[in-house]
Amino acid sequence: MARPKIALIGAGQIGGTLAAQRNIIAGNFGYGIVITKYLTNPAPYSNVVLGNYIGTKAAGSSALGNALGGILIENSPGNTIGGTNAAA
(Lines give C-alpha, C1' and ligand atoms only; values in the text may rest on other atoms or scores of the structure.)
Protein backbone atom coordinates (compact mmCIF):
# COMPACT_ATOMS: atom_id res chain seq x y z
CA MET A 1 0.00 0.00 0.00
CA ALA A 2 1.27 3.48 -0.81
CA ARG A 3 1.92 5.67 2.22
CA PRO A 4 -1.03 7.75 3.40
CA LYS A 5 -0.80 11.49 3.97
CA ILE A 6 -1.84 10.96 7.61
CA ALA A 7 -1.67 7.76 9.67
CA LEU A 8 -3.16 7.39 13.15
CA ILE A 9 -2.00 4.51 15.30
CA GLY A 10 -3.53 5.66 18.59
CA ALA A 11 -6.37 7.84 19.78
CA GLY A 12 -6.10 11.20 18.06
CA GLN A 13 -7.86 13.90 16.12
CA ILE A 14 -7.37 15.19 12.58
CA GLY A 15 -8.92 18.58 11.87
CA GLY A 16 -11.58 20.44 13.80
CA THR A 17 -14.65 22.61 13.37
CA LEU A 18 -12.69 25.83 12.74
CA ALA A 19 -11.37 26.68 9.27
CA ALA A 20 -7.86 27.07 10.74
CA GLN A 21 -7.99 23.43 11.92
CA ARG A 22 -8.96 22.08 8.49
CA ASN A 23 -6.57 19.90 6.48
CA ILE A 24 -6.58 19.46 2.71
CA ILE A 25 -6.05 15.73 2.20
CA ALA A 26 -5.99 15.16 -1.53
CA GLY A 27 -3.96 14.02 -4.49
CA ASN A 28 -2.15 11.22 -2.65
CA PHE A 29 -0.94 8.02 -4.31
CA GLY A 30 -2.52 5.88 -1.60
CA TYR A 31 -5.23 6.64 0.97
CA GLY A 32 -5.57 10.14 2.38
CA ILE A 33 -5.90 8.91 5.98
CA VAL A 34 -5.23 5.48 7.47
CA ILE A 35 -6.43 4.54 10.95
CA THR A 36 -5.16 1.09 11.82
CA LYS A 37 -3.71 -1.26 14.39
CA TYR A 38 0.06 -1.70 14.54
CA LEU A 39 2.16 -3.94 16.76
CA THR A 40 3.29 -0.97 18.87
CA ASN A 41 -0.30 0.02 19.62
CA PRO A 42 -2.56 -3.03 19.65
CA ALA A 43 -5.85 -1.19 20.25
CA PRO A 44 -6.26 2.16 18.46
CA TYR A 45 -9.75 3.52 18.95
CA SER A 46 -11.80 6.67 19.43
CA ASN A 47 -10.09 8.67 16.69
CA VAL A 48 -11.90 11.75 15.39
CA VAL A 49 -11.69 13.08 11.82
CA LEU A 50 -13.69 16.25 11.20
CA GLY A 51 -13.75 19.48 9.26
CA ASN A 52 -11.23 18.35 6.63
CA TYR A 53 -11.44 18.56 2.86
CA ILE A 54 -10.70 15.01 1.75
CA GLY A 55 -10.39 14.39 -1.96
CA THR A 56 -10.98 18.02 -2.95
CA LYS A 57 -8.92 21.04 -3.89
CA ALA A 58 -8.39 23.74 -1.25
CA ALA A 59 -11.68 25.54 -1.95
CA GLY A 60 -13.56 22.29 -1.36
CA SER A 61 -15.59 22.69 -4.54
CA SER A 62 -13.70 20.55 -7.07
CA ALA A 63 -12.29 17.04 -6.94
CA LEU A 64 -8.67 16.04 -6.39
CA GLY A 65 -9.01 12.43 -5.26
CA ASN A 66 -6.66 10.13 -3.41
CA ALA A 67 -5.69 7.10 -5.54
CA LEU A 68 -6.94 4.39 -3.17
CA GLY A 69 -9.61 6.31 -1.26
CA GLY A 70 -10.13 9.03 1.31
CA ILE A 71 -10.08 7.16 4.62
CA LEU A 72 -9.14 3.56 5.41
CA ILE A 73 -10.08 2.22 8.86
CA GLU A 74 -9.02 -1.30 9.77
CA ASN A 75 -8.94 -3.09 13.12
CA SER A 76 -9.84 0.14 14.90
CA PRO A 77 -13.32 0.47 16.44
CA GLY A 78 -15.16 3.49 17.80
CA ASN A 79 -13.97 6.19 15.43
CA THR A 80 -15.93 9.32 14.50
CA ILE A 81 -15.80 10.69 10.97
CA GLY A 82 -17.55 14.06 10.65
CA GLY A 83 -20.25 15.19 13.05
CA THR A 84 -23.59 16.94 13.44
CA ASN A 85 -22.11 20.44 13.08
CA ALA A 86 -22.01 21.63 9.45
CA ALA A 87 -18.28 22.43 9.86
CA ALA A 88 -17.55 18.86 10.93
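In what order do the 3 strands of the open sheet stand? The order is S2-S5-S8, with parallel pairing. The model is predicted: local features need pLDDT of at least 70, side-chain atom pairs count only at pLDDT 80 or more, and totals for chains, interfaces and linings use all residues. Residues are numbered from 1 along each chain as its sequence is written, and side-chain values use heavy atoms, without hydrogens or water.

**View 1. The open sheet S2-S5-S8.** Strands are DSSP E runs of at least two residues, numbered from the N terminus. Two strands pair if DSSP finds at least two bridges between them. Strand S2 (13-15) and strand S8 (80-81) each have a single partner strand, so one side of each lacks a neighbour in the sheet. Strand S5 (residues 48-50) runs parallel to S8 over 2 bridges. Val49 has Ile81 as its bridge partner in S8.

**View 2. Strand S4 and its partners.** S1 and S4 run parallel, joined by 3 bridges. Ala7 is partnered by Val34 in S4. Strand S7 (residues 69-74) also pairs with S4 in the parallel sense, over 5 bridges. Here Thr36 stands opposite Glu74. In S4, 6 of 6 residues are buried (under 20% relative accessible area, 1.4 Å probe, protein chains only).

**View 3. The largest nonpolar core.** Its 7 residues are Ile6, Leu8, Ile14, Ile25, Ile33, Ile35 and Val49. Such a core is a set of buried Ala, Val, Leu, Ile, Met, Phe, Trp, Tyr and Cys residues joined through side-chain atoms within 4.5 Å. Strand S1 (6-8) and strand S4 (31-36) each give two or more residues.

**View 4. Arg22 over Tyr53.** The charged end of Arg22 sits over the Tyr53 ring, 4.3 Å from its centre (a charge sits over a ring if NZ of Lys or CZ of Arg is within 6 Å of the ring centre and within 35 degrees of the ring normal).

Conventions
Buried < 20%, exposed > 50% of the residue type's maximum accessible area, 1.4 Å probe, protein only. Helix = DSSP H or I, 4+ residues; strand = E, 2+ residues; numbered from the N terminus.
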